[in-house]
Amino acid sequence: MELTHLKYFVRLAETLNFTEAARQLFITQSTLSQSIRQTEESLGIPLFERIGKKVYLTEAGREFLPYALRSITEIKEGMQRLWDIQKIYRGELSIGVVYSLCPLLAECVSRFSQSYPDITLRLFHSSSINELADRVHDHRIDFALSYKPSPLSPLIDTVELLSVPLCLIVRSDSPLAVLHEVSLEVVSELPLVLLENGMYLRKMIEKLAIENNITLQPKAEVNNSALSLQMVCTGKWCSISLQKTVMQFPGLAAIPIKEAQNNLVISLLWLKNSYQKKAVQEMMNIIKQAVQKEGGLQ
């Protein structure tokens with residue numbers, strides 16, 4: 001079975017949509033259909049079930065998927081090892097990043113691309129730290145620039161870079177914007193928009209509230225950090241987030257919360273005992289240098 005067939009199978013398994021999978025693979029839908037048919041014929045069992053316009057993985061497809069992913073990963077790693085031996089900087093580098101750290105990664109990516117223009121970068125953004133950790137765990141990204149998950153999977157290695165406190169986020173023309181810090185009690189009385197329950201940042205906010213015997217009752221909940229900040233921009237809402245989040249919103253201000261000290265830790269996450277290609281090492285070094293300029297881990 002050719003590697004291309006495995007790649008096509010994996011992409012369709014991830015999207016469960018022939019049109020979308022073909023678009024992502026830059027091939028025609030008929031080419032994808034033919035490849036899947038050939039794969040199923042060579043294995044002697046259907047991998048997908050087609051019901052109307054819906055596509056589902058069969059039991060055999062679900063069983064085969066992790067092996068296909070592992071095969072693709074091992075071949076990529078083998079090729080990368082050979083390129084590294086020859087000091088040929090090529091191939092792909094896939095990085096996950098949490099929303100508030102996008103500006104930091106963008107700066108580092110720019111520096112990296114100047115030195116290694118032949119490496120294709122694939123960047124994945126998420127508002128969920130747990131989703132990034134899962135992608136690292138499943139080897140779908142080489143590493144992630146995120147906040148340290150809690151609990152941390154024993155299969156993931158991490159290096160801590162910078163501790164950052166939680167802040168009250170308001171519009172820059174708010175009377176609160178001139179404060180050097182604000183108490184959690186004052187924050188609890190404001191019209192808050194917070195990330196929904198279950199998301200990592202929300203868990204940290206709730207933990208802080210419980211530790212200080214404060215009840216937070218948000219007026220709105222969202223599942224996207226950018227949306228919460230856009231709502232704050234209207235002047236009708238406030239939020240709790242990190243100082244770095246306002247970098248993409250010049251009209252907002254971040255006031256440190258008095259009771260919050262070093263609640264989140266900016267970290268690099270990667271799969272334990274996996275081969276770290278030179279491109280990963282170089283990018284991580286660039287990120288570490290950029291963070292050191294901000295003071296490093298306190």
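Analyst: Helices are DSSP runs of H or I with at least four residues, strands are runs of E with at least two, and both are numbered from the N terminus. By that count, the chain has 10 helices and 12 strands. This is a predicted model, in which local features need pLDDT of at least 70 and side-chain atom pairs count only at pLDDT 80 or more, while totals for chains, interfaces and linings use all residues. Residues are numbered from 1 along each chain as its sequence is written, and side-chain values use heavy atoms, with hydrogens and water left out.

Start with the whole chain. Its C-alpha trace spans about 65 × 50 × 35 Å along the principal axes. Of the 298 residues, 46% are buried. Buried means under 20% relative accessible area, exposed means over 50%, and partly exposed lies in between (1.4 Å probe, protein chains only). A contact is a pair of heavy atoms within 4.5 Å. Among contacts with a separation of 6 or more, 74% join residues 24 or more positions apart.

Now the salt bridges. Each one puts a side-chain nitrogen of Lys or Arg within 4 Å of a carboxyl oxygen of Asp or Glu. The structure holds 12 of them.

E40 belongs to helix α3 (residues 29-43) and R50 to strand β1 (residues 48-51), so the bridge links distant parts of the chain, 10 residues apart. E40 is buried because its relative accessible area is 13%. R50 is partly exposed because its relative accessibility is 43%.

The surroundings of this pair can be followed in both directions. Helix α3 also holds S35. S35 counts as buried, since its relative accessibility is 2%. Beyond its neighbours within four places in sequence, S35 touches H5 and Y8. G52 counts as exposed because its relative accessibility is 76%. Its C-alpha lies 37 Å from that of V97, which is 45 residues away along the chain.

Next, R122 bridges to E92, with the closest N and O atoms 3.1 Å apart. R122 sits in strand β4 (residues 119-126) and E92 in strand β3 (residues 91-98), so the bridge ties together parts 30 residues apart in sequence. Both partners are partly exposed. For R122 the relative accessibility is 46%. For E92 the relative accessible area is 33%.

E221 is partly exposed at 43% relative accessibility. R202 is buried, with a relative accessible area of 4%. This pair is part of a network of salt bridges that joins R202, E206 and E221.

Helix α1 (residues 3-15) and helix α2 (residues 18-25) pack at about 130°, with axes 9 Å apart. Axes are lines fitted to C-alpha atoms, for helices over the stretch in contact, and angles run from 0 to 180 degrees between N-to-C directions. That angle makes α1 oblique to α2. Under 35 degrees would be roughly parallel, over 145 roughly antiparallel and 65 to 115 roughly perpendicular, with the rest oblique. From α1, Y8, R11, L12 and T15 meet F18, E20, A21, Q24 and L25 of α2. These residues divide into 5 nonpolar, 2 polar and 2 charged. Nonpolar covers Ala, Val, Leu, Ile, Met, Phe, Trp, Tyr, Cys and Pro, charged covers Asp, Glu, Lys and Arg, and the others, Gly among them, are polar.

Helix α5 (residues 102-115) and helix α10 (residues 278-292) cross at roughly 125°, and their axes come within 10 Å. α5 is therefore oblique to α10. From α5, the contact takes in L104, L105, E107, C108, V109, R111 and F112, and from α10, A279, E282, M283, I286, I287, Q289, A290 and V291. By class, this contact has 11 nonpolar, 1 polar and 3 charged residues.
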